[in-house]
Amino acid sequence: MSTLRNRAAVTGIGETPYTRGTDKSALRLTLEASLTAIADAGLTPRDIDGIVAYASGAVVAEDLLTNFGSHDFRFSATTPLGGASAVAALQCATMAVSTGVATHVLVPLGRDGYSGARIHRRLGQMRQFHVVSEFEAPVGANAPAQYYAPMARRHMELYGTTSEQFAEVARTMRRHATLNDNALMRTPMTVADHQASRMIADPFRLLDCCLESDGGAAVVVSGADHAMDMPRPRVLLSGMGVGHPDSPSAITQRPDMTRLGLAKAAPRAFEMAGVTHADIDVAEIYDCFTYTVICQLEDLGFCAKGEGGPFVEGGRIGLGGVLPTNTHGGLLSQAHVAGLNHVVELVRQLRGDCGARQVDNAEVGLVTGYGDLGDGSIAIMHRD
Amino acid sequence: MCDTCFSLENEWFTASGLGRVHSWTVCHHAFHRGFASLAPYVLLTVDLAEGVRMVAPMVVPDACRLAIGLPVILDYQDRHDDITVPRFRIHGEDDADG
């Protein structure tokens, strides 16, 4: 059977500086990141003939086409999976370039999530949240921290997961951010700092929660054959998958609220890529909250359900550990670009361009997205 | 629609109000100004006896007493003339805070 394995490559990456405070619009940030990614791919804007725009964002493909002066645009799509959208867009773009529908697909994402419409306020406008908006918001559940905290609490009650294990995730992302010039939070954090941070929605403290920030990121996905003749080292997309949890409209109605859509997507992606967990040199895991990383490590299959807390201990997910995770600092300490910054970082790692935070001999890596109320996406990549 | 047999038939009935705690959170930070004066408040996720789950605040916010499976019963509070909100209290206890 034909699969998407190695049919496409990420050929260009771009990021703006990340800030907390900007006078630039989301469109401006999107354009800046896109120009960087397109130039990195050795292309010009008019070479882009497909766009997968961020479904939850303010910028649509038409905004870019107008600015690009495009004359021969062929493919436009969105992947409405919240924070899982960016990684799901890689699968969508691969489907387009591997079938000849398009040649070079841009996946852009820019947001003024700190200075403009604050990220936590966007939920009310997202149609996939209408069930929680109708039944749960009126009693006081109004933000992701409040929707996800009961998942974390149940995990703690069932499996003995601790706040100190959450702190280990936060502390590790921060340590990685200190090695990244384009990370917002670069002051080292201790477990004690985490434990002293104020409670937001128990068990989530302030330092369990990701940042709101301004900035843009973009990647170019091209057919694997085209990528042979492009300037940057070829980073192939070898395994991809998207999965929805049961009861995707409401966490509360889910048979097992500690299991995410990623648990369904991950086995498909590993099978497609033909790799095992031991082959993964570096992981960029969507970290809207510390607990989300622990849960995804389980749903990815790096450990059994309930063992994610102990898994993150002992430096295992830090640089130098067995599974260096979120080497850029993640949403927790780099910036919140809805996980497209995780995609950029994985490509950069596989190119060997990460400097002080480079994982030695990184050949195979994975990136995940986690969105809305548990949608999951995954892409496994390897360098040629 | 029924997600097992795909029937579109449905009927209203009165639920018992009985349930058991499935999980919870304590909201220290109010993300909507309408809840600022209530913080910290406990939001319970409850397995209703009838088989669905429901989210509602705890009448007396005391997270220390919570555990998965704790029996609770639904209560209502008239917050304004035209707004009545559901709340849960621990089953078998008579909370006196109104």
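Me: Is the crossing of α9(A) and α10(A) left-handed or right-handed?
Reply: Heads-up: this is a predicted model, where local features need pLDDT of at least 70, side-chain atom pairs count only at pLDDT 80 or more, and totals for chains, interfaces and linings use all residues. Residues are numbered from 1 along each chain as its sequence is written, while chains are lettered from A and ligands numbered from 1 in the order in which they are written. A crossing is left-handed if the near helix is turned anticlockwise from the far one by less than a right angle, and right-handed if clockwise. For α9(A) and α10(A), the crossing is right-handed.

Me: How do α9(A) and α10(A) lie to each other?
Reply: Helix α9 of chain A covers residues 262-273, helix α10 of chain A covers residues 290-300, and their axes (lines fitted to C-alpha atoms over the stretch in contact, with angles from 0 to 180 degrees between N-to-C directions) come within 8 Å and cross at roughly 45 degrees. Under 35 degrees counts as roughly parallel, over 145 as roughly antiparallel, 65 to 115 as roughly perpendicular and the rest as oblique. So α9(A) and α10(A) are oblique.

Me: Which residues of α10(A) meet α9(A)?
Reply: Being in contact takes C-beta atoms, placed from the backbone, within 7 Å. On the α9(A) side that picks out Leu262(A), Ala263(A) and Ala266(A). Their partners in α10(A) are Gln296(A), Asp299(A) and Leu300(A).

Me: What radius of gyration does chain A have?
Reply: The radius is taken over C-alpha atoms, and the globule rule is 2.2 Å times the number of residues to the power 0.38. With 384 residues, a compact globule would come out near 21 Å, and chain A agrees with that. The value for chain A is 19 Å.

Me: Is Gly17(B) buried, exposed or partly exposed?
Reply: Gly17(B) sits in the segment before β1 (18-27) of chain B, and past its neighbours within four places in sequence it touches Ile73(B) and Leu74(B). Buried needs 20 or more other C-beta atoms within 10 Å of a residue's own, exposed 12 or fewer, and partly exposed is in between. Because Gly17(B) has 18 such neighbours, it counts as partly exposed.

Me: Which element gives the largest share of the side of chain B that touches chain A?
Reply: The contact takes 24 residues from chain B and 20 residues from chain A. Elements of chain B giving two or more residues are β1, β2 (41-48), β3 (53-57) and β5 (83-90); strands here are DSSP E runs of at least two residues, and helices H or I runs of at least four, numbered from the N terminus. The largest share, six residues, comes from β1(B).

Key: Two residues are in contact if their C-beta atoms, placed from the backbone, lie within 7 Å.
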